[in-house]
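Have a look at the sequence and the structure before reading on.

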Amino acid sequence: MDIGKAFSFPFEDEQWVSSILICGLLMLVPIVGWLAIGGYTLEVARNVAMGSPRPLPKWDNFGEKLRLGFNWFVIYFGYTLPLTLLAGLASCILIIPAMSGDDGAIAAGLGLFFCVMALVVVLGLLISPLALAATVRYLQTGSLGDAFKVGEIVAMVRADLGGWVVLWLLSILCSFVGQLGGYVIIGIFFTLPYGQAVFGHLMGQTLQRMGRPTAMSYAPPSNM
């Protein structure tokens, strides 16, 4: 995986400022804007996998970005739903004994709460690479249903566990890079979409190793 290329490629595009800035401004638009940003990330990955020399997306296909972003949300929601349910259960375990006012029940509830939250953390570590693999599988086939063929996704991850864990760790790094601009107030309008673009490139490299996408409904961006 060429990590250096992923971090440098946005600046090789002559229109990188407008592409990144529009993406950043969409942060101000609730729901729709964030779905479009997610689609922007997946479009980077798709462009890289298709071998585009300038994979940074333009904003001439907002609907396509929205579609990709919504499907990405569906994938992550589906895979992380067990974690959400367990976290909700943990909250109930903590709140209900506290309402009773019984010290013994509170202590027992607190202990059970930490046990459930520990399980949430462990499952989160297992599910994160699976959700990433499911997203890449979706980009490869163009089918949302393929992303939820859990047996095939597990087999994908098991076949290259180290690679998927590295991609997951790099996603955390890209998220950290994206948040850095928050220390300069408006800087996050550049750093967050930049971090998303970098992660998209890394995901695209993974997709490229698996084979070019077989179900594409778009034309790769030109050099112009």
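## Rings, a charge and cysteines

The charged end of Lys65 lies over the ring of Trp59, at 4.8 Å from the ring centre. Please keep in mind that this is a predicted model.

How many aromatic pairs does a search of the whole structure find? The search gives eight aromatic pairs. Two of them are set out here.

| Pair | Distance between ring centres | Angle between planes | Geometry |
|---|---|---|---|
| Trp59 and Phe62 | 6.3 Å | 35° | tilted |
| Trp72 and Tyr76 | 6.0 Å | 75° | edge-to-face |

Phe62 itself is partly exposed, with 33% relative accessibility.

Why is the pair of Trp72 and Tyr76 edge-to-face? The planes of the two rings are at 75°, and an angle over 60 degrees counts as edge-to-face. Both residues belong to helix α4 (residues 62-100), where they are four residues apart, so about one helical turn separates them. Is Trp72 buried or exposed? Trp72 is buried, at 12% relative accessible area, whereas Tyr76 is partly exposed at 27%.

Elsewhere, one aromatic cluster is formed by Phe7, Phe11, Trp16 and Tyr194.

Now to the cysteines. The count of disulfides is zero, as judged by sulfur atoms within 2.5 Å. Cys23 is buried, with a relative accessibility of 1%, while Cys92 is partly exposed at 42%.

Terms used: Residues numbered from 1 in each chain as written. Predicted model: local features only at pLDDT ≥ 70, side-chain atom pairs only at ≥ 80, totals over all residues. Heavy atoms only, no water. Buried < 20%, exposed > 50% of the residue type's maximum accessible area, 1.4 Å probe, protein only. Phe/Tyr/Trp six-rings, centres within 6.5 Å; stacked < 30°, edge-to-face > 60°. Helix = DSSP H or I, 4+ residues; strand = E, 2+ residues; numbered from the N terminus. Lys NZ or Arg CZ within 6 Å of the ring centre and 35° of its normal.
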